[in-house]
Each structure stands twice: as structure tokens, then as C-alpha cells.
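Trainee: Could we go through this model together? I would like to start with one residue and then widen the view.
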Amino acid sequence: MTIKDIARLSGYGIGTVSRVLNNHPDVSEKARKKILSVIEENNFQPNSNARHLKMQSSSSVILIVKGTSNLLFADIVEQMQSLFLKNGENVSTYYIDEDANEVNYAIQLCRDRNPKGIVFLGGNLEYFKEDFAHIPCLLLTNNSSDLDFDNLSSVTTCDEQAAQSVIEYLAKKGHTSIGVVGGNLTETEISFRRFTGAKWGFKNSKLSFNQRLQYEPCRFSMEEGYQAAMRLLNRNTAITAIFAMSDLIALGTMRAIYDMGKRVPEDISIVGYDGIALSRYCVPRLTTVQQDTTQLAKKGVDLMLQRINYPYHATHKTTPFHLIEGESVMELNGDK
């Protein structure tokens with residue numbers, strides 16, 4: 001696609017399109033919105049010469065990854081690095097602790113590295129409540145639309161709907177005593193969205209939910225999942241199924257169940273979240289919510305490239321999820 005194509009599709013002249021691309025003020029708001037809409041719908045990218053000129057004036061795109069053992073993020077990072085490089089953009093990746101303040105870290109990197117843009121993989125919205133940067137930023141796997149920052153876009157899966165579907169799926173399999181393991185209840189965290197969706201699932205399935213007896217928080221790791229499942233199952237021996245807020249938590253939960261002398265799924269069924277490759281090779285194969293990492297990576301890169309090169313406003317997109325049935329859920333016949 002060329003600037004002539006944009007002009008033809010938008011109905012405006014080449015000069016008007018050029019002024020919009022270069023962020024000139026002498027363009028009507030109506031024309032600006034229409035032209036930017038056409039650019040976004042057709043995923044228009046700058047030519048190689050324009051990219052080269054911009055690379056001379058600033059440094060690389062930065063990826064800030066929360067957590068050092070998140071296999072979902074590892075998959076997304078690998079794909080994003082490849083896509084950015086194919087588009088002539090250098091990438092620097094930084095890993096921080098799951099509970100670290102990614103915004104403070106980003107502020108320091110802006111001072112030291114002068115990045116073109118920043119992509120956050122994972123993030124606590126509480127840290128984003130102050131305007132912290134004036135470069136293009138993207139939050140991946142959490143929704144920043146409520147923050148209303150002009151430079152902070154987001155791409156995410158609808159965590160509430162996905163978690164709701166897990167509980168409803170287990171309920172249809174005959175489970176009435178379902179535990180939930182993972183995350184915390186901080187309203188600005190992804191885990192809160194999943195917890196909220198799980199409660200919707202209980203309500204829609206006409207099942208009671210006692211938070212003290214059916215929920216145990218933990219960090220997103222196998223070890224933390226193991227310990228949390230032990231606490232929950234020792235506290236509530238009636239549980240027949242568990243929704244783990246990540247596949248890593250699910251794998252730790254699976255080990256805890258076996259160490260307690262029980263079996264998956266014969267005694268306790270498990271559903272995970274993320275759809276990482278490891279979930280397909282464990283025994284039994286894990287039933288899980290699969291996030292589309294290819295779309296998350298591609299939409300994230302497309303948005304960042306557009307915002308690096310053109311005067312866009314923030315955009316917020318979602319990607320689909322799929323409940324993948326494995327071997328870790330058993331249908332109850334009413335006798336259990």
C-alpha cells in the first residue's frame with residue numbers, strides 16, 4: 001500500500017494524507033480520523049527509507065516482561081522479536097519480577113535508552129495511573145482502556161469471559177464443588193479479571209461459591225501452585241475440580257494432588273489457562289484455555305509500528321480464546 005492508495009480509499013488528497021502522516025495541525029478532525037482509520041484497517045507500514053531515517057534518531061523498541069518463568073510470555077516475546085526485526089526495528093528485552101513496578105522500570109529505561117516505544121508483557125494497572133511517558137506504549141495481556149492514556153494501547157484476551165467458560169464447562173461435567181487457585185484479588189491485576197469471570201460462571205451455573213473455602217491465591221509458578229493447592233485441598237476435602245489461573249499453576253496443582261494420594265482426573269479434575277506447549281505433553285494432557293499467542297504478538301507489533309510512525313490515538317483490541325479439552329477433566333455421574 002502507498003500514500004496514493006490511502007488517498008483513494010479515504011477520499012482525500014495526497015497532500016492531506018501527507019499532512020496527517022506528518023502530524024501537521026492544518027487538517028480537519030474529520031479528515032484526520034478517516035485517514036487514520038484507513039491506515040489502521042489496512043495495516044499500512046512505512047517504507048524502508050522512512051524506517052531507516054527514524055532508526056537514526058532513536059534507539060530500539062523495548063519489551064518489559066513481568067516474571068522470569070512465564071512460558072506464555074516466552075512464546076509471545078519470541079514471535080514479537082522476529083516480527084519487529086522483519087520490519088527493521090531493533091528490540092531490547094528486559095525481565096523483571098512478577099511483583100515489580102514495571103512503570104518505574106520503564107521510566108528509568110526512558111532516561112537511559114531513549115526507546116522508540118515500550119511494550120509491557122503483563123502489568124498492574126495500578127502502576128499506570130500517572131502519566132509516565134510520552135512515547136508509544138503498549139500493554140499486552142491486560143486491558144488499559146479505562147486509563148484513557150493517549151499513548152497507551154493494549155491487546156488482551158477477554159479474561160472474564162474465558163474464566164466464566166471454565167466454570168460453566170466444569171458445571172456441565174457435573175462438578176458442583178469447584179476450587180479456584182492462583183493470582184490475587186488486586187483489582188488492577190489480570191488475576192482479578194479471571195476471578196471475576198469465575199464468579200460469573202458460578203452464578204450462571206447456579207452454584208454457590210464460598211471464597212474462603214474455594215479460593216487460594218498464589219504467584220504464577222508451578223511451586224506456588226503446588227503449595228496453594230495443598231492448602232486449598234487440606235482446607236476443603238469436598239472439592240472435585242480445580243480451575244488454575246495458569247497452566248504452570250495447574251501443573252503444580254496436579255503434582256500436589258498426586259502427592260496427596262489422589263488421581264487426576266479420577267478424583268480431582270483440573271483446567272488450566274494459557275495453552276502453553278507444556279500443557280499438551282503432561283500426563284494427563286491438560287484441559288486449558290488457550291490464548292492465541294500468534295494474534296497477540298502480531299496485533300501488538302502492528303499497533304506499535306503504527307504508533308511509532310504515525311500520530312495515532314490509543315487503540316484497544318482483544319484476541320479470541322479457545323477451551324481445549326485434554327484428559328484432565330472427568331464427567332461426574334452424580335455418585336461422587
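Trainee: Which residues does Ser-10 touch, not counting those up to four places away in sequence?
Mentor: Ser-10 touches Val-17, Lys-34, Ile-35 and Val-38, where a contact means heavy atoms within 4.5 Å. Please note that this is a predicted model, in which local features need pLDDT of at least 70 and side-chain atom pairs count only at pLDDT 80 or more, while totals for chains, interfaces and linings use all residues. Residues are numbered from 1 along each chain as its sequence is written, and side-chain values use heavy atoms, with hydrogens and water left out.

Trainee: Is Ser-10 buried or exposed?
Mentor: Ser-10 is buried, at a relative accessible area of 7%. Buried means under 20% relative accessible area, exposed means over 50%, and partly exposed lies in between, with a 1.4 Å probe and protein chains only.

Trainee: Which backbone atoms does the side chain of Ser-10 reach?
Mentor: The side chain reaches the backbone oxygen of Ile-6 at 2.8 Å and the backbone nitrogen of Tyr-12 at 3.3 Å. A polar contact is a pair of N or O atoms within 3.5 Å; within protein, one must be able to donate a hydrogen and the other to accept it, and residues adjacent in sequence count only if both atoms are side-chain atoms. Ser-10 itself is found in helix H1, residues 3-10.

Trainee: How many helices and strands does the protein chain have?
Mentor: The chain has 12 helices and 12 strands. These are DSSP runs numbered from the N terminus: helices are H or I with at least four residues, and strands are E with at least two. Of the 336 residues, 52% count as buried.

Trainee: What is the mean pLDDT of the protein chain?
Mentor: The mean is 88, and 91% of the residues reach 70 or more; pLDDT is the predictor's confidence in each residue, from 0 to 100. Over residues 48-58, however, the pLDDT is below 50, and this stretch has 15 contacts in the model beyond near neighbours in sequence.

Trainee: Turning to the largest nonpolar core, which residues touch the most other members?
Mentor: Of its 23 residues, these are Ile-76, Met-80, Phe-84, Val-119 and Leu-121. A nonpolar core is a set of buried Ala, Val, Leu, Ile, Met, Phe, Trp, Tyr and Cys residues joined through side-chain atoms within 4.5 Å. The elements giving two or more residues to this core are strand S1 (61-66), helix H5 (71-86), strand S3 (117-121), strand S4 (137-140) and helix H12 (293-309). H12 supplies the largest share, 7 residues.

Trainee: And what is Val-119 in contact with, leaving aside its neighbours within four places in sequence?
Mentor: Val-119 is in contact with Val-61, Ile-62, Leu-63, Ile-64, Met-80, Phe-84, Leu-138 and Met-304. Apart from this core lies another, of 20 residues, among them Ala-162, Ile-167, Tyr-215 and Met-245.

Trainee: Which residues of H5 are buried?
Mentor: In H5, the buried residues are Leu-72, Phe-73, Ile-76, Val-77, Met-80 and Phe-84.

Trainee: Why do they lie on the same side of H5?
Mentor: They cover an arc of only 120 degrees around the axis, which puts them on the same side of H5; the arc is that of the directions from the helix axis to the C-beta atoms. The face turned away from the buried side carries the exposed residues Glu-78, Leu-85 and Lys-86.

Trainee: What caps the N-terminal end of H5?
Mentor: Asn-70 does, with a side-chain oxygen 3.0 Å from the backbone nitrogen of Leu-72. Just after H5, Gly-88 takes a positive phi of about 80 degrees.

Trainee: How many residues of H12 are buried?
Mentor: H12 is mostly covered, with 13 of its 17 residues buried. At its start, a side-chain oxygen of Asp-292 reaches to within 3.2 Å of the backbone nitrogen of Thr-294.
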